[in-house]
Amino acid sequence: GSDTKKMTAFAALQQVEAGGLSLDSTVAQVLPDVALAANPEWAEAAPLHDLLSHQGGLFDFTPWNDNPDDGYLRALAEGEFSDRGCALAPPGEFWNYANPNFSIAGLMTEAVTGRAWPDIVEDDVFAPMGLVDTYARKSEVEVRGNYATGTGYILSGDDAFDLLDSPAYSFGTVEMSAVTDNAFTRPAGMVWSTASDMAGFGAFFIEGDSTILADDLREAMTTPQVPLYPAWDAQAYGYGWIVVHGASIGA
């Protein structure tokens with residue numbers, strides 16, 4: 001799920017370290033064909049920093065239909081997202097959880113590396129960390145063969161741009177055939193992993209390894225970049241991380 005956002009931020013910050021991107025790089029500079037028809041000034045004003053900290057100001061457009069082709073990330077961003085997407089506020093105005101922030105950040109890493117986003121995270125993030133059972137494509141999980149889905153609601157007929165849309169739901173066992181793989185949504189929340197691999201990923205943020213990501217950029221991910229609530233800074237967002245100060249004493 002949304003732990004994928006940490007991986008997207010990680011890969012983007014690797015490109016910041018390499019010099020292909022900076023945290024001030026705007027969407028317009030890196031992706032000139034991504035432009036919101038409803039808010040033509042947005043792309044010029046939206047830097048990578050705001051995308052990775054959920055300050056992009058975007059409407060939370062999250063398609064769940066099945067479109068696994070890697071090229072769909074760019075095709076949707078330059079097509080329907082640009083045509084029908086909108087900004088709720090100027091970038092940097094406030095924290096607003098919106099999955100397209102990370103879809104566009106993932107596409108920015110594609111643009112500067114010339115590689116598909118799943119290949120970027122698998123080659124540059126998962127492999128160097130020794131995450132041997134973490135995958136960015138559903139097809140790779142199916143080849144592996146040992147996976148879990150679950151029981152829950154299966155969505156169909158959803159128009160992710162239409163707030164008044166009434167999609168159909170059915171409840172039951174979620175077969176693998178019903179699990180979608182959407183290349184646009186992948187950088188925001190579609191990586192598959194195991195408990196042990198996720199433990200290893202989390203350990204990296206404690207131990208670090210400057211051969212994979214510079215310590216200052218690693219620490220920036222878990223540093224508060226914006227408060228979740230303007231008048232209360234005990235809960236904040238870093239880059240892909242919710243940062244909470246204090247200790248829980250509840251159950």
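**Figure 1. Contacts and overall form of the protein chain.** In this predicted model, residues 24 or more positions apart account for 69% of the contacts in the protein chain with a separation of 6 or more, a contact being heavy atoms within 4.5 Å. The secondary structure comprises 12 helices and 5 strands; helices (H or I, at least four residues) and strands (E, at least two) are DSSP runs, numbered from the N terminus. The radius of gyration of the protein chain is 18 Å, close to the 18 Å that the globule rule gives for 251 residues, so the chain is as compact as a globular protein of that length. This radius is taken over C-alpha atoms, and the globule rule is 2.2 Å times the number of residues to the power 0.38. Along the principal axes, the C-alpha atoms fill a box of roughly 45 × 45 × 45 Å. Of the 251 residues, 49% count as buried; buried means under 20% relative accessible area, exposed over 50%, and partly exposed in between (1.4 Å probe, protein chains only).

Residues are numbered from 1 along each chain as its sequence is written. Because the model is predicted, local features need pLDDT of at least 70 and side-chain atom pairs count only at pLDDT 80 or more, while totals for chains, interfaces and linings use all residues; side-chain values use heavy atoms, with hydrogens and water left out.

**Figure 2. The aromatic pair Phe 10 and Phe 204.** A search of the whole structure finds 12 aromatic pairs. Rings of Phe, Tyr and Trp (its six-membered ring) pair if their centres lie within 6.5 Å; planes under 30 degrees apart count as stacked, over 60 as edge-to-face and the rest as tilted. The ring centres of Phe 10 and Phe 204 are 5.2 Å apart and their planes stand at 65 degrees, so the pair is edge-to-face. Phe 10 lies in helix 1 (residues 4-18) and Phe 204 in helix 11 (residues 195-207), so the pair ties together parts that are 194 residues apart in sequence. Phe 10 counts as buried at 0% relative accessibility, and Phe 204 counts as buried at 7%. One aromatic cluster is formed by Phe 10, Phe 201, Phe 204, Phe 205 and Trp 241.

**Figure 3. The surroundings of Gln 15.** Gln 15 is placed in helix 1 and, at 11% relative accessibility, counts as buried. Not counting residues up to four places away in sequence, Gln 15 touches Gly 20, Leu 21, Val 112, Thr 113 and Asp 124. The C-alpha atoms of Gln 15 and Val 141 are separated by 27 Å, the two residues being 126 residues apart along the chain.

Figure 4. His 54 is in the loop between helix 4 (48-52) and helix 5 (72-78). Although His 54 is not a glycine, its phi is positive, at about 55 degrees; its relative accessibility is 0%, and it counts as buried. Asn 182 is found in the loop between strand 2 (168-174) and helix 10 (186-189), and it counts as buried at 0% relative accessibility. Leaving aside neighbours within four places in sequence, Asn 182 is in contact with Pro 63, Asn 65, Asn 67, Tyr 72 and Met 190.

**Figure 5. Ser 156 in strand 1.** Ser 156 lies in strand 1 (residues 150-156) and counts as partly exposed, at 40% relative accessibility. Its contacts, leaving aside neighbours within four places in sequence, are with Pro 167 and Ala 168.
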